[in-house]
Amino acid sequence: MSSEARREWQRAYDEGPMRESGFETISGVLVAPVYAPESAEYPGRYPYTRGPYASMYRSKLWTMRQFAGFGTAEDTNERFHQLLDAGGSGLSTAFDMPTLLARDSDYPLALGEVGRAGVAVDTLADVETLFDGIDLGSVTTSMTINSAAPTLLAMYIVAADKTGVDRERLGGTIQNDILKEYQAQNEYVFPPRPSLRLVSDVIRFCSAELPRWHPVSVSGYHIREAGSTAAQELAFTLANGFAYVESALAAGLEIDAFAPRLSFFFNAHIDFFEEIAKYRAARRIWARWLRDRYQAQDPRSQQLRFHTQTSGVSLTAQQAEVNVARVAIEALAGVLGGTQSLHTDSYDEALALPTEKSARIALRTQQVIAHETGVANVADPLGGSWYVEELTDELERQAEDTFAYLDDLGGGSMLDGVVTAIERRWFQNEIGEAAYEFQRKLHQGRWTWVGVNAFTEADDSAPATLSINPNVEARQLARLRDIKANRAMHVVDAALARVRGDAADPEVNMVPALIGAAAAYVTLGEITAALETVFGVHTERASV
Amino acid sequence: MEVVYVGLRNTPESIAAIALQEDVDVVGLSMHNGAHLTLAPLVVRAIREAGLDTAVVVGGIVPNNDISVLVDDGIAAVLGPGTSNEDLVAAVRQASNGARRASRP
């Protein structure tokens, strides 16, 4: 006699597609798709602790989505084609610092930064080159960008329009998570309120015109990399997610019209079981809050889906090859935690951007986990472990304490609570204290870090690292000059006037004006300057 | 000891102006984006042009091959990934003493 939960799970499982695989151990033991007593929670069922889907990796492995970007758009386009030719189906774009900060390559502060840590994009022309020869209707593209997200999305849409790809076919993700910029990553431009309006505009535009697009990727990754604990990463990220939900609701959207398209991005750090518990707690909390607090009816609104990246800060410059082991362990935590996509870091990333060799080893690490270890045969294989279940519950309790604090601070609004806490530097201080505490532990030998404060080697030679061609900046500047010289200035001026006008009216969605500006080859920096005249700029408080 | 944190998004000239105004012993630059070879020497130059002999130290993601280049360009110390707190304090102290000694007639 099977329980109703079990029967519902079985129905959903039977409906899903199956990968070609024997689903058995090396000894030939047939493996069940999930293990649980009749009365237990099953994957693909509320509150989704055990995974958003009934069949998990039996239907489809996670997407191996490796982040890439360097130099000019031509350089990165070439890398994209290599990745697609090697069987990849997803692209993930890393932008350089000036682009991330919504400035042009000829902005004074861009000196030395152009094309260094990602690809340089100034105008639509760069986006057209970046995706040249790639069918935007058949790949999915992730763009890791926040302050400049609405403009980059506008450029991407125009590039697709011009190659005849319908907007309904555009699939991908734009990070567009501005809150964590104030909390951790510091790539903000405008103050929080107008920035949140831009996030809502993108959500609203995508839910109307880009049904396959993820308009926000709520990101804990950067909070963690700035030094937070796993518990803080979980709590702050979900609090930001609630703030975006409330912001979109306030803009007049229906919860089930946009919540299914919100996605998440978490870190995979080295504390193996705590990371797995973190992902499980995240799914359970999101499901409950979306159902109970925001009245989401659609199960897809309640299902938290996430991308994972292994932790950059856990890697060491010392004995850098040892990082291959760290990345494998972290990636395994992401998979056992049920991630939907995964980026594995390269062993040389404490030193530089990855070489072709180190990036290949990183991808191979995922392939070993996927195809050799057998861990993809069973959904939530650690569910029911007393340790993992208790850790999941504990992280959930700690997160709820944080939500209660923020909700109270916001007078019953998570949105106001999060913004107020940013303005009071509460998140920033919490993260800073956690980072300092970690350094103290390291210093006092209470944390052992192989190769750093233990098992060190006197003669530790660093691996060869990637160097960026110093001509990149000159090439990009020449390209920008050329584009600027060949535009009809009255069209550019009219497009910028519309950007300013629409920015001044909070009832108007900014995205159409940005699409118009992108199509007129208005530069990213020109758009930012126009928006600044209306929105102002956010400055961090200097301290003595 | 007093630490003056000047925040993000400064230019070599603005850093030199603050160093002059605050009469600092050491200027520390945190650089993670691969721009160190371009920007760190410009900061040293701006500081010298402001008439200061203040030491400049760089911390961040600096590949080993770049360290000697930065030292040749007048950077007093380069503190790469994994630098311990003790090494960091010692390097700043040494850079600060070096600058003070040099500035005495």
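Five bridges join strand β7 (residues 263-268) of chain A to β8(A), the two running parallel; strands here are DSSP E runs of at least two residues and helices are H or I runs of at least four, both numbered from the N terminus, and two strands count as paired if DSSP finds at least two bridges between them. Within that pairing, Phe265(A) sits opposite His307(A) in β8(A). On to β9: strand β9 (residues 341-343) of chain A pairs with β8(A) in the parallel sense too, over three bridges, and His343(A) in β9(A) is the bridge partner of Gln309(A).

A word on conventions. This is a predicted model, in which local features need pLDDT of at least 70 and side-chain atom pairs count only at pLDDT 80 or more, while totals for chains, interfaces and linings use all residues. Residues are numbered from 1 along each chain as its sequence is written, with chains lettered from A and ligands numbered from 1 in the order in which they are written.

Back to β8(A), which spans residues 306-310 and is mostly covered, with five of its five residues buried. Buried means that 20 or more other C-beta atoms lie within 10 Å of a residue's own; exposed means 12 or fewer, and partly exposed is anything in between, with C-beta atoms placed from the backbone. Phe306(A), Thr308(A) and Thr310(A) point one way from the strand, His307(A) and Gln309(A) point the other way, and all are buried.

Helix α5 (residues 149-162) of chain A is another mostly covered element: 12 of its 14 residues are buried. Among them are Pro150(A), Leu153(A), Tyr156(A) and Ile157(A). The cover includes α4 (124-130), β3 (140-144), β4 (171-174), α7 (192-209), α20 (511-519) and α21 (524-535) of chain A. As for length, the 14 residues should span 20 Å at 1.5 Å a residue, and the end C-alpha atoms of α5(A) are 20 Å apart, which agrees; the expected span is 1.5 Å times one less than the number of residues. After the helix comes Gly164(A), whose phi is positive, near 80°.

Most residues other than glycine have a negative phi, and most peptide bonds are trans. Phe23(A), however, has a positive phi near 50°; this residue is in the loop between α1 and β1 of chain A and is partly exposed, with 15 other C-beta atoms within 10 Å. The loop between α1 (4-15) and β1 (63-64) of chain A is also the place of Pro47(A), which a cis peptide bond with omega about 0° joins to Tyr46(A).

Elsewhere in chain A, Thr456(A) lies in the loop between α17 (426-443) and α18 (472-485). Thr456(A) counts as partly exposed because it has 13 C-beta neighbours inside 10 Å. Leaving aside residues up to four places away in sequence, Thr456(A) touches Gln318(A) and Gly451(A), contact being defined as C-beta atoms, placed from the backbone, within 7 Å. Thr123(A) is 333 residues from Thr456(A) in sequence and 48 Å away in space, C-alpha to C-alpha.

Chain B has four helices and three strands, which run α-β-α-β-α-β-α from the N terminus on. The strands make an open sheet in the order β1-β2-β3, with parallel pairing. Its edges are β1 (26-31) and β3 (77-79) of chain B, each pairing on one side only, and the twist averages 20° from one strand to the next. Six bridges join β1(B) to the parallel strand β2 (residues 55-60) of chain B, and Ser30(B) stands opposite Gly59(B) in β2(B).

On overall dimensions, a compact globule of 105 residues would have a radius of gyration near 13 Å, and chain B has 13 Å, which agrees; the radius is taken over C-alpha atoms, and the globule rule is 2.2 Å times the number of residues to the power 0.38. The C-alpha atoms of chain B fill a box of roughly 35 × 30 × 25 Å along the principal axes. Of its 105 residues, 31% count as buried.

Finally, the interface: 25 residues of chain A are in contact with 21 residues of chain B. On the chain A side, these divide into 14 nonpolar, eight polar and three charged, where Ala, Val, Leu, Ile, Met, Phe, Trp, Tyr, Cys and Pro count as nonpolar, Asp, Glu, Lys and Arg as charged, and the others, Gly among them, as polar.

Conventions. Contact = placed C-beta atoms within 7 Å. Axes fitted to C-alpha atoms, helices over the stretch in contact; angles between N-to-C directions.
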